[in-house]
Amino acid sequence: FDHPDRQFYNIGQSFESSTKGQGDCKELIPEFFYLPEFLTNHNQFDYGKRHDGRHVGDVMLPKWANSPEDFIAKHREALESEYVSSHLNEWIDLIFGYKQRGEEAVKALNVYHYTSYEGKVDLDNEEDPKKR
């Protein structure tokens, strides 16, 4: 497993890191809407301790979620809401449209590390194996 501080362990921290940081890129995988088990460490794997001494285990949920099941139910309810349905075109603009790059992407918090964009790094001509 990866270093404990880089594990997915806290929903709030992951949101902050991916919207305010520069090198963290996360997406809401389908499991966020139907599988509460992915938020718990049922097998008690030892993912190690974070820099603050806390063990990485079950994912820390927002205060508004009473349990992983409650979190998933509320996420699904939001996804299936009239609000989301009526704003789906905005998501399409982020993923496929004019908010993918440039000033509109910056305004929409839709900017990623430069190596995420096609054509920004020429791996065929990069001689340094660490950079490649």
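**Note on the predicted model**

1. The largest nonpolar core has eight members: Ile11, Phe32, Phe33, Leu39, Val59, Ala65, Phe71 and Ile72. The model is predicted, and the points below should be read with that in mind. In soluble globular proteins, nonpolar side chains tend to be buried together.

2. Isoleucine 72 is one of the core residues. Setting aside neighbours within four places in sequence, isoleucine 72 is in contact with Glu31, Phe32, Phe33, Tyr34, Leu35, Pro36, Phe38 and Leu39. Among these contacts, Phe32, Phe33 and Leu39 also belong to the largest nonpolar core.

3. Aspartate 70 lies in helix H2, which covers residues 68-79. Its relative accessibility is 17%, so aspartate 70 is classed as buried, the cut-off being under 20%. Not counting residues up to four places away in sequence, aspartate 70 touches Trp64 and Ala65. Ala65 is itself listed in the largest nonpolar core.

4. Seven aromatic pairs are found in the whole structure. One of them joins tryptophan 91 and phenylalanine 96: the ring centres are 6.1 Å apart and the planes stand at 90°, so the pair is edge-to-face. Tryptophan 91 is partly exposed at 45% relative accessible area, while phenylalanine 96, at 59%, counts as exposed.

5. Ring pairs also connect Phe8, Phe32, Phe38, Trp64 and Phe71 into a cluster.

6. A nonpolar patch on the surface consists of Leu88, Trp91, Ile92, Ile95 and Phe96, with about 510 Å² of accessible area together. Leucine 88 is in helix H4, residues 88-95, and is partly exposed at 44% relative accessibility. Trp91 and Phe96 of this patch are the two residues of the edge-to-face pair.

7. The count of salt bridges comes to eight. One of these is formed by arginine 50 and aspartate 5, whose closest N and O atoms are 3.3 Å apart. This pair links distant parts of the chain, with arginine 50 in the loop between helix H1 (11-20) and H2, and aspartate 5 in the segment before H1, 45 residues apart. Arginine 50 is buried, with a relative accessible area of 9%. Aspartate 5 is partly exposed at 27%.

8. Arginine 76 forms a salt bridge with glutamate 80, and here the closest N and O atoms are 3.5 Å apart. Arginine 76 is partly exposed, with a relative accessible area of 41%. Glutamate 80, at 56% relative accessibility, counts as exposed.

9. A further salt bridge joins the side chains of glutamate 104 and lysine 107, at 3.6 Å from N to O. The two are separated by about one helical turn, because they are three residues apart in helix H5 (residues 102-107). Glutamate 104 is partly exposed at 29% relative accessible area, and lysine 107 is exposed at 57%. Elsewhere, salt bridges that share partners join Asp5, Arg50, Asp52 and Arg54 into one network.

10. Glutamate 82 is in helix H3, residues 82-86, and is exposed, with a relative accessible area of 62%. From C-alpha to C-alpha, glutamate 82 and lysine 107 are 24 Å apart in space; in sequence they are 25 residues apart.

11. Backbone angles deserve a look at two places. Most residues other than glycine have a negative phi, and most peptide bonds are trans. Glutamine 44 has a positive phi, near 55°. Glutamine 44 sits in the loop between H1 and H2 and counts as exposed at 63% relative accessibility.

12. Leucine 109 likewise has a positive phi, near 55°, in a residue other than glycine. Leucine 109 is placed in the segment after H5 and is exposed, with a relative accessible area of 57%.

Technical notes:
Residues numbered from 1 in each chain as written. Predicted model: local features only at pLDDT ≥ 70, side-chain atom pairs only at ≥ 80, totals over all residues. Heavy atoms only, no water. Core = buried A, V, L, I, M, F, W, Y, C linked by side-chain atoms within 4.5 Å. Buried < 20%, exposed > 50% of the residue type's maximum accessible area, 1.4 Å probe, protein only. Contact = heavy atoms within 4.5 Å. Helix = DSSP H or I, 4+ residues; strand = E, 2+ residues; numbered from the N terminus. Phe/Tyr/Trp six-rings, centres within 6.5 Å; stacked < 30°, edge-to-face > 60°. Patch = residues over 30% accessible without salt bridge, like charges linked within 9 Å, V, L, I, M, F, W, Y side chains within 5 Å. Areas by Shrake-Rupley, 256 points an atom, 1.4 Å probe, with all protein chains shown as cover. Salt bridge = Lys/Arg side-chain N within 4 Å of Asp/Glu carboxyl O.
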